[in-house]
Amino acid sequence: IVYGFVQPYDFSTAPLFRAGLIKTGTGEHVLLFDMHHVLTDGTSRGVMIREFMSIYAGNSLEPLHLQYKDYSQWMRGELQEKALKQQEKYWLDRFAGEIPTLPLPYDFPRPEVQSFEGNRAGFVMDKKDADGLRQLADRIDGSLFMVVLAVYNVLLWRLSGREDILVGTPIAARRHADLEPIIGMFVNTLVMRNRPAGDMPFKEFLEQVKKDTLDGFENQEYP
């Protein structure tokens, strides 16, 4: 039953989520909940789990100041349309000219048709190295994300020899506190364009990545 629970959705028929309950023993059950990604993002899953646990413990949920429909209406409002026009100009300026590609070395011949299938590679970093990255972030008054993004760009530069690199990253897009407890699809993808140069000191490049990251975050609502 678990394997048959997740099925494709018909977008012409609501709702785009399903729930199920499996009895595993006397007084013991497993709650299954499946939602299409168009309805929810990773932050929403955490919100939903916390709310389920709170209700299960006998607590009442705090009323929401806003709902997703309010956010949707705001995104289509006149003031937001003007703001998105300004953000559009930022991204068009950011990606003016030729868009670079990244010729990375590969282990096997590329297929004739790109499949878009991906995978992940995990590793464990020891505490000393992790603390060193955090200290480096503190020295530039930045974040761990900025440091890791800079290191990743340097790695791609070493592998490809290119000094103009694009890296896509998801962003939560919940800049207002009232949006944090709402279940919905807020997440956007930003393309961070950075230019590691062979003769540039790493600290200087890190400062550049910090500025470009902050500028990108300020323009994160543009779809």
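I read the elements from the N terminus on and got β-β-α-α-α-α-α-β-β-α. That gives six helices and four strands in the chain. I took helices (H or I, at least four residues) and strands (E, at least two) as DSSP runs, numbered from the N terminus.

I noted that this is a predicted model, where local features need pLDDT of at least 70, side-chain atom pairs count only at pLDDT 80 or more, and totals for chains, interfaces and linings use all residues. Residues are numbered from 1 along each chain as its sequence is written, and side-chain values use heavy atoms, with hydrogens and water left out.

Next I looked up size. The radius of gyration of the chain is 22 Å, whereas a compact globule of 223 residues would have one near 17 Å. The radius is taken over C-alpha atoms, and the globule rule is 2.2 Å times the number of residues to the power 0.38. Along the principal axes, the C-alpha atoms fill a box of roughly 65 × 50 × 45 Å.

Then I turned to Asp178, which sits in the loop between β3 (165-171) and β4 (188-194). Is Asp178 buried, exposed or partly exposed? It counts as partly exposed because its relative accessibility is 27%; buried means under 20% relative accessible area, exposed over 50%, and partly exposed in between (1.4 Å probe, protein chains only).

Leaving aside neighbours within four places in sequence, I found Asp178 in contact with His65 and Leu66, contact meaning heavy atoms within 4.5 Å. I also looked up Gln67, 111 residues from Asp178 along the chain; their C-alpha atoms are separated by 9.0 Å.
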